[in-house]
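Me: I've got this one open on my screen. Can you walk me through the fold, piece by piece?

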Amino acid sequence: MIEIDNLTIRFGSGQRPVVRNVSLRIKRGTAFGLVGESGCGKSTVLRAISGLNPNYEGGIKLDGDTLGRQRDRQFFRRVQMVFQDPYGSLHPRKTIRSQLKEPLRNQGLATNSVDVDALLLAVGLDPSLTYRFPHQLSGGQRQRVAIARALVLNPAVLLLDEPTSALDVSVQAEILNLLEDLRKERGLTYLLVSHDLAVVSHMCGRVAIMEAGEIVEEVDIERLRKGAVEHSYSRHLLNASRNYGRTH
Ligand SMILES: Nc1ncnc2c1ncn2[C@@H]1O[C@H](COP(=O)(O)OP(=O)(O)OP(=O)(O)O)[C@@H](O)[C@H]1O
């Protein structure tokens, strides 16, 4: 579903690239994790795919089609993003109902073509929240709205950038479970970026480990769970995650 070949991204000519020769293949209907420490370039990869950063070298294909530098309306019918901070990504003065109709307005489609109540139910929210504003919801509810908004156009792919790291630990698993259920029900393909190996292990079948702009290793989740990784940085990340798990 997603093919990335030799993606290299630098900010400013002559600068050292922050992403170097990243190549990935993500199968349709699967969840793929991109994991690594803060600043290693994970979000930069996601932003290049989503069109937020058109200054990249290398190729990106979606379902066999090579993408140009600018993303068109058709692209956003197929690919949507969910960001870390739902408060930042929702409009503070628009009702939930209005925000869920926004993707249709952007596409020039009739706004009555979405069943807002059904969509709210699909993400585990009560339809009575429809006329509320973002500040009247909890962090977890806001992220559910952001996920609902990403689903309005029935995309095939969701690009998920740390979708749970701004949430309370107690809510994180609920959102991950919701995303997992939606993927299975709708046959979605996910590319999930996270610094948290536990999150990636929960959600993904395959994981690429990134260090300082490069992918150092790609493994199936069973191997990762068994600790059967080969690169020293992957082991370091795994040990850090296990130690954190023991103390929290
Ligand atoms: N617009 C920009 N201009 C200049 N440098 C940038 C820009 N965006 C990102 N960078 C740099 O690129 C590198 C990779 O950043 P990126 O946000 O992709 O990392 P990350 O792995 O997603 O980390 P985090 O989880 O903290 O966001 C960092 O050194 C960052 O400072």
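Me: How do S1 and S2 pair, parallel or antiparallel?
Reply: Strand S1 (residues 2–9) and strand S2 (residues 19–26) pair in the antiparallel sense, over five bridges. Strands are DSSP runs of E with at least two residues, helices are runs of H or I with at least four, and both are numbered from the N terminus. Strands pair if DSSP finds at least two bridges between them.

Me: Before we go on, what kind of model is this?
Reply: This is a predicted model: local features need pLDDT of at least 70, side-chain atom pairs count only at pLDDT 80 or more, and totals for chains, interfaces and linings use all residues. Residues are numbered from 1 along each chain as its sequence is written.

Me: OK. Which residue is the bridge partner of Glu3 in S2?
Reply: Arg25. In S4, Glu3 stands opposite Lys61.

Me: And how does S1 pair with S4?
Reply: Antiparallel, over five bridges, with S4 covering residues 57–62. Ile2 stands opposite Leu62 there.

Me: What is the strand order in that sheet?
Reply: S2-S1-S4-S5, an open sheet of four strands with antiparallel pairing. The edges are S2 and strand S5 (65–66), each pairing on one side only. H1 packs on this sheet and touches S1, S2 and S4. The direction of H1 makes about 115 degrees with that of S1. Axes here are lines fitted to C-alpha atoms, for helices over the stretch in contact, and angles run from 0 to 180 degrees between N-to-C directions. Contact means C-beta atoms, placed from the backbone, within 7 Å.

Me: Where else does H1 lie?
Reply: Helix H1 (residues 42–50) lies across strand S3 (31–35), S6, S7, S8 and strand S9 (206–211). H1 runs at about 150 degrees to S7.

Me: How many residues of H1 are buried?
Reply: Seven of its nine, so H1 is mostly covered. Buried means 20 or more other C-beta atoms within 10 Å of the residue's own; exposed means 12 or fewer, partly exposed is in between, and C-beta atoms are placed from the backbone. The buried ones are Lys42, Ser43, Thr44, Val45, Leu46, Ala48 and Ile49. Just after H1, Gly51 takes a positive phi of about 90 degrees.

Me: Now the ligand. Which residues surround it?
Reply: Phe11, Val18, Gly36, Ser38, Gly39, Cys40, Gly41, Lys42, Ser43, Thr44 and His195. The cut-off is a C-beta atom, placed from the backbone, within 6 Å. The shell has three nonpolar, seven polar and one charged residues. Classes: Ala, Val, Leu, Ile, Met, Phe, Trp, Tyr, Cys and Pro are nonpolar; Asp, Glu, Lys and Arg are charged; the others, Gly among them, are polar.

Me: Back to sheets. What is the order in the six-strand one?
Reply: S6-S7-S8-S3-S9-S10, an open sheet with mixed pairing. Strand S6 (79–82) and strand S10 (214–220) stand at the edges with a single partner each, so one side of each has no neighbour in the sheet. The twist averages 15 degrees from one strand to the next.

Me: How do S6 and S7 pair?
Reply: In the parallel sense, over four bridges. Met81 has Leu159 as its bridge partner in S7. Strand S7 (residues 157–161) also pairs with strand S8 (residues 189–194), parallel, over five bridges. Leu160 is partnered with Leu192, and Asp161 stands opposite Val193.

Me: Why is S7 largely enclosed?
Reply: Because five of its five residues are buried. Both faces are covered: Val157, Leu159 and Asp161 on one side, Leu158 and Leu160 on the other. Helix H6 (residues 139–151) lies across S6 and S7, at about 170 degrees to S6.

Me: What about Ile175, where is that?
Reply: In helix H7 (residues 169–186). Ile175 counts as buried, with 23 C-beta neighbours inside 10 Å. Leaving aside neighbours within four places in sequence, Ile175 contacts Gly140, Gln143, Pro163, Thr164 and Leu167. Its C-alpha atom is 9.4 Å from that of Ile147, 28 residues apart along the chain.

Notes
Two residues are in contact if their C-beta atoms, placed from the backbone, lie within 7 Å.
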